Amino acid sequence: MAKIKKGDLVVVIAGRDKGKQGRVLEVRTGTDRVVVEGVQRVKKHTKVGQSSRGARTGGIETVEAPIHVSNVMVVDPETKKGTRVGHRTEQVERDGRTRTVRVRVAKRSGKDIS
C-alpha cells in the first residue's frame, strides 16, 4: 500500500520549494516521483501546432514538474504539520462478510488519513 496517494495534502520538506503545501495531482510509481499542485513550477516552451480541435497556440507555459517522493510528507489532519504514515488493520463487515482492511494513519496524531 502506498504511503502517498493522489489527492493527499503534502508539504515539501526539501528543495527550493521547502515549506510549500499542495495536493498531489499525479503519482509516478516507476520513477518514485509525485506531481504536486503549485510546487516545482517550471517554464515550458510550446510550439504552435495543429490538433484535431483546431490550432494550438504556442508560447511559454508554466507547469508543475515532478518532485521526488522522499522530498514530501503527508500533512497531519489534526496538527497541520508534516507526519510519517503508518498502517492499521481493521475488521470491516461488507456484504455480510468480515474483511480485513489496511487504514493509513498519521503517526504524529494517530488520526486516519482519508
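**Charges, strands and spread**

I looked up the charges and found that the mean positions of the 27 positive and 13 negative charges of the protein are 5 Å apart, where Lys and Arg count as positive, Asp and Glu as negative, and His and the chain ends are not counted. Each charge is placed at NZ of Lys, CZ of Arg, CG of Asp or CD of Glu.

I noted that this is a predicted model, in which local features need pLDDT of at least 70, side-chain atom pairs count only at pLDDT 80 or more, and totals for chains, interfaces and linings use all residues. Residues are numbered from 1 along each chain as its sequence is written, and side-chain values use heavy atoms, with hydrogens and water left out.

I then listed the elements: the protein has twelve strands and zero helices, taken as DSSP runs numbered from the N terminus (strands E, at least two residues; helices H or I, at least four). The radius of gyration, taken over C-alpha atoms, is 19 Å, well over the 13 Å that the globule rule (2.2 Å times the number of residues to the power 0.38) gives for 114 residues, so the protein is more spread out than a compact globule.

Next I traced an open sheet of six strands, with antiparallel pairing and the order β8-β3-β2-β1-β9-β10; strands pair if DSSP finds at least two bridges between them. Its edge strands, β8 (67-68) and β10 (82-83), each pair on one side only. Within the sheet, β2 (residues 21-28) runs antiparallel to β3 (residues 33-36), joined by four bridges, and R28 has R33 in β3 as its bridge partner.
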